[in-house]
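Thanks for coming. I will go through a few local features of one chain. Please look at the structure first.

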Amino acid sequence: MSASASGVLSICQFGRESAYGNAVAATHKLGGFISFNAKPSYAAQLLDPSLDGSLFTTAILNIGQFVEWTLSGVVDYSGLTMLYDLVYGTDTYGANGGTTVGGSPNVHTFVGRKNLNSYTFQLGIGDVPTSKVRRMVGAKALKLEFSVTAGGGESAAMRFTISGVGSLLADTITPTAGLNTFTRVPIYFTHMDTAVSLDGTGDIAGDMVFTEFGFSIENGVASQRFQLGVPNLREPIRDGKIVEKMTIKRDHVTETLLQTWLAGTDLAPSFKFKSGTD
């Protein structure tokens, strides 16, 4: 009897596509991830309604294939910029939509852009089959979330979850070899810079005792597009607004945050996490 897949042997690597749904070799390999779910789905599953003298349906027709996927892991200071590019988009399809300046530290800047890049993902599930992976092409991101909570437990390290849709899933693929993982530097709740992390209320820093922080970006995307004569998902495109949300939780030291919320006051919060001396 064959051995069951071992999760610790799983890998996730990916590359940016130059054209939607055209598979490319992986260029980056995640240093670690918590989960990756890539579920084949269909636009419709039709039951054959024909009357044929049987009590049971004779066929179930799967029509319009696509993939629903979710990737989660621990947020690192480096190594995840391609995932941010996947979410925020680009002005030139197939090119990095962000900018990087400086060094030690680098400053990576991403803003919402017109086109959403697509990626080819290679996912090894516990090394089963041996030295083979599943490959998802045409992967586009619909939503990215971050969260971290002060205290013990798994949420003490900042987590991310990114989800989206893909065009096609294939198995028993030979993965791109020779990719190195980045040096991991996870973000912990103790890394919040309390001197400059402000919620915009005007309270002094000492009164802003934060215990939870979260951020999300959700793309307004037409994600279920199909075409007559084409079996798989058409390229998802932006057709709505980008929605960014931030959530914070702080100790009840003043009433200021509640008062600004009740008054409908616009705030300009700013949060910074750093490891070491910046």
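How many of the eight residues of helix α1 are buried? This is a predicted model, so that applies to everything I say about the chain. In the model, helix α1 covers residues 81-88, and seven of its eight residues are buried. They are Met 82, Leu 83, Tyr 84, Asp 85, Leu 86, Val 87 and Tyr 88. Buried here means a relative accessible area under 20%. Directly after α1 comes Gly 89, with a positive phi of about 95°.

Now the backbone. As background, most residues other than glycine have a negative phi, and most peptide bonds are trans. With that in mind, we can look at some exceptions.

Take the loop between β7, residues 119-124, and β8, residues 133-149; Pro 129 lies there. The peptide bond that joins Val 128 to Pro 129 is cis, with omega at about -5°. Ser 131 is found in the loop between β7 and β8 as well. Its phi is positive, about 60°, and Ser 131 is not a glycine.

Is Ser 131 buried, exposed or partly exposed? With a relative accessible area of 48%, Ser 131 is partly exposed, because that class lies between the 20% and 50% cut-offs.

The next case sits in a strand. Thr 172 belongs to β10, which spans residues 168-173. Thr 172 is not a glycine, yet its phi is positive, at about 55°. The relative accessibility of Thr 172 is 46%, so Thr 172 counts as partly exposed.

That is what I have for today.

Technical notes
Residues are numbered from 1 along each chain as its sequence is written. This is a predicted model: local features need pLDDT of at least 70, side-chain atom pairs count only at pLDDT 80 or more; totals for chains, interfaces and linings use all residues. Side-chain values use heavy atoms; hydrogens and water are left out. Helices (H or I, at least four residues) and strands (E, at least two) are DSSP runs, numbered from the N terminus. Buried means under 20% relative accessible area, exposed over 50%, partly exposed in between (1.4 Å probe, protein chains only).
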